Amino acid sequence: MYLTNLPLGSKGRVVKLTAKGKKRRRLLDLGLIPGTVVEAIRRSPSGDPTAYIIRGTVLALRSEETNFIEVEELTQRRDILWA
Amino acid sequence: MGLTARSSGLNLLRENFNIDYSKKNPIIALAGNPNTGKSTVFNGLTGLRQHTGNWPGKTVTQAQGNFRYQGQEFTLIDLPGTYSLLANSTEERIARDFICFARPDATIVVADATNLERNLNLVLQVTELTDNVILCLNLMDEAERKNIKIDVAGLKNDLQIPVVPTVARDGKGLKELKNTVYDIVNKNIVVHPYRVKYSPEIENAVEELVQELRTMLTGIEKYINLHWLSLRLLEGDKTIMRSIKDLFLKDDSFETKTEGVVQTDGVNYI
Amino acid sequence: MELIISEKNSISRIIKKVDEYFSKIEKQQLRDQIVEDIYGCAERIASKNVRIEGGRQTDWGEKVDDILTSKWLGFPIMLLLLGGVFWLTIIGANYPSAMLGEALFWVEDRLTEFFTWTQAPEWLYGILVMGVYRTMAWVVSVMLPPMAIFFPLFTLMEDLGYLPRVAFNLDNFFKRAGTHGKQSLTMSMGFGCNAAGVIAARIIDSPREKLIAILTNNFVPCNGRFPTLIILATIFMGNMVNSAYSSFVAAAVVVGIVLVGIIITLLVSWGLSKTFLKGVPSSFTLELPPYRKPQIGKILVRSFLDRTLFVLERAVMVAAPAGVFVWIFANTGIGGVSLINYVANILDPFAVLIGLDGIVLLAFILGFPANEIVIPIIVMSYLSAGAMLEPDSAEALREILVTNGWTWVTALSTMLFSLLHFPCGTTLLTIRKETESLKWPVFSFLLTTTIAIVVNFLVVQLIYLF
Ligand SMILES: Nc1nc2c(ncn2[C@@H]2O[C@H](COP(=O)(O)OP(=O)(O)OP(=O)(O)O)[C@@H](O)[C@H]2O)c(=O)[nH]1
Ligand SMILES: [Mg+2]
């Protein structure tokens with residue numbers, strides 16, 4: 001599943017990036033490498049972007065980016081926040 | 001044939017970055033992730049009023065100021081905040097080129113103590129470029145409030161660089177920061193930072209490239225760490241070569257004649 | 001340095017060589033591996049040396065964000081906060097404005113006495129007191145208080161960390177307009193000063209989106225313009241209702257004008273990214289930092305030093321010569337008509353079409369160096385044409401304007417024109433510097449002015465239709 005579809009409040013683990021070129025490099029630099037756990041926390045009232053906790057920082061990503069990040073959902077729900 | 005260097009010496013190289021070098025002060029750079037308090041540290045050290053704000057990207061212009069410690073004057077440069085130095089954006093390129101080519105006498109990396117991991121990512125990239133790195137662990141008050149305990153001595157030991165905890169907003173720790181800068185600049189302490197160990201396949205590829213570079217760019221290893229340069233070339237970063245060309249060479253032939261050859265991997269660098 | 005590169009094109013040869021050594025795929029893998037290795041190392045060192053004691057308490061910032069960016073409350077709260085800031089500015093500026101006005105016009109009286117006593121020539125008195133001093137007094141008493149109150153309030157929001165939330169809330173609109181999400185941050189900077197907003201566009205990496213942000217920044221009313229909005233909204237729209245509500249109505253009107261500015265920004269951005277600056281939005285990430293306690297003391301000091309003194313300086317630099325200019329133009333004439341009225345009469349037929357009059361349009365043109373002086377010039381010009389009012393209060397200002405034929409339609413048109421018209425000289429110079437070309441400042445001038453004329457014309461004609 002893609003990060004775009006990760007339900008709010010749940011966590012996922014990055015499986016792979018399908019982005020190419022500069023976009024891929026940018027995402028990697030943010031720490032979105034395979035194995036990284038991300039948590040979807042809120043969506044903009046205008047529908048996009050969505051904010052994720054990625055390695056301790058809250059980052060908002062547009063669907064143009066999250067459509068290129070494959071994740072697997074982790075069953076454990078939002079219990080501890082690690083911002 | 002035979003391109004001569006455009007500039008002759010470090011001073012001229014530094015002039016490329018608009019540094020006022022007339023006083024021959026040691027140059028200290030402030031790098032770090034966005035919104036970690038670089039400008040606040042800058043203000044605290046220099047007494048200037050560089051704008052700060054609680055959002056990433058507040059500083060877009062390169063600010064410089066002076067401060068005195070133990071009778072010596074230092075010039076401090078506030079660089080834009082970046083997540084990495086891999087030159088994926090203009091700010092990253094500015095920060096990287098500054099550290100790489102203006103060769104500051106010391107670089108302070110201001111890190112967010114509440115979020116060490118992400119900040120260490122940048123620290124490790126800076127230590128690849130230069131030895132004289134100081135880690136300024138800022139926002140210690142917030143870390144404390146969040147019950148985050150950091151083993152400063154352990155960190156120092158692992159990174160092999162000086163680590164100074166600060167609360168820049170309240171001026172806490174800044175004296176020690178100045179002291180550390182003074183010690184490094186005056187060689188009272190010599191720093192040999194811990195360097196990232198890459199996977200074997202990368203190290204092998206780098207080894208090959210270093211050999212190549214040494215023969216092709218004679219003399220450049222005095223200015224640039226070839227290991228680092230090879231890593232950048234490996235990942236297809238052409239901006240570094242452009243920067244080298246901009247700073248060292250007069251000839252434009254690189255840009256005009258070889259565009260087709262250079263842009264082969266589908267990545268567009270502006 | 002002794003670096004000599006022995007062969008031409010050696011750099012491209014190196015790059016070619018690297019390309020030969022490794023295929024495209026391999027390079028991507030290597031690149032991924034490099035980043036992973038660095039992060040892996042950072043992870044290891046961090047986990048070794050960082051400990052979270054006693055677990056984490058829930059962060060109040062998260063709860064605040066749940067509200068500030070919530071689906072139903074996100075936008076209403078943004079509008080309320082904006083309105084609240086304007087409202088505080090309106091009521092806060094009232095009193096100091098009146099005080100400053102009284103004090104400065106008391107000084108004017110003393111100056112008048114002094115000039116009478118020294119029997120100085122009439123023209124000298126006119127230029128120095130009626131021209132220079134009065135214009136400056138107007139800038140200081142009318143324009144300065146709202147600026148001095150708005151700016152620290154705005155900085156407070158900035159220091160709290162609200163701006164990235166605004167960008168987060170609005171991003172989808174900007175995406176659909178084909179621009180960068182950080183454009184809303186540059187717009188926020190524009191509230192302080194459009195030149196600063198233009199410089200802030202450096203945070204946008206793609207040249208196309210940066211240009212759009214630069215060209216549209218002017219549609220955010222800067223600190224030099226929005227006292228004009230606030231004053232006109234107060235004395236025309238606010239006065240329409242019971243005085244208990246007038247400050248609220250005025251604030252709401254200013255919010256409305258700002259919204260018009262935002263909508264026009266989005267429309268123009270969309271238009272530009274479909275025509276002159278074609279392209280799709282580039283990749284965008286926005287960090288939402290934790291809320292932080294603002295340093296009130298520092299904010300006040302900084303606002304005072306950076307803003308108030310800055311405005312005073314501009315008042316002297318720009319208002320003084322403008323005052324001389326207006327006075328001379330008002331007091332020399334051809335065949336009994338003062339030069340100012342002469343020019344105003346030429347502009348009048350066109351100005352009326354867009355809801356203004358010749359004097360107002362002239363004031364906007366003369367206000368090109370700094371928008372702070374538009375209202376002072378309007379008043380100066382009207383006063384020079386006869387009325388002998390002592391212009392030391394909002395009420396007096398209203399009377400001057402009404403005597404000269406103003407209605408709420410004139411006020412609305414002036415507000416709209418102020419919002420949309422050409423950027424001030426400083427901003428245009430900054431655009432030139434940032435874009436390193438003459439083309440874009442000229443384009444910006446033409447674009448904004450055309451839009452201002454078209455919008456004003458349509459609004460005025462629509463109002464007259466009904
Ligand atoms: N609590 C606390 N806040 C701090 C500290 N240092 C800085 N801040 C606040 O953190 C925010 C960011 O500070 P800046 O100095 O603007 O950060 P910067 O690193 O220059 O940011 P960019 O220029 O955007 O990269 C501001 O709101 C500061 O007031 C600190 O030690 N403790
Ligand atoms: Mg800064």
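Contact here means heavy atoms within 4.5 Å. The views come from a predicted model, in which local features need pLDDT of at least 70, side-chain atom pairs count only at pLDDT 80 or more, and totals for chains, interfaces and linings use all residues. Residues are numbered from 1 along each chain as its sequence is written, and side-chain values use heavy atoms, with hydrogens and water left out.

**View 1. The interface of chain A and chain B.** Twelve residues from chain A and 18 residues from chain B take part in the contact. About 1300 Å² is buried between the two chains, with carbon and sulfur atoms giving 36%; buried area is the accessible area (1.4 Å probe) that two parts lose on being put together, summed over both. On the chain A side, A:Lys22, A:Arg25 and A:Asp29 lose the most area to chain B, together 53% of what that side buries.

**View 2. A salt bridge between A:Arg55 and B:Glu117.** The rule finds one salt bridge across the interface of chain A and chain B, where the term stands for a side-chain nitrogen of Lys or Arg within 4 Å of a carboxyl oxygen of Asp or Glu. The side chains of A:Arg55 and B:Glu117 meet at 2.4 Å, N to O.

**View 3. The two domains of chain B.** An automatic or database domain assignment gives domain 1 (10-185) and domain 2 (200-268) in chain B. Their contact takes 13 residues from domain 1 and 16 residues from domain 2. Between these domains about 1200 Å² is buried, of which carbon and sulfur atoms give 58%.

Terms used: Chains lettered and ligands numbered in written order.
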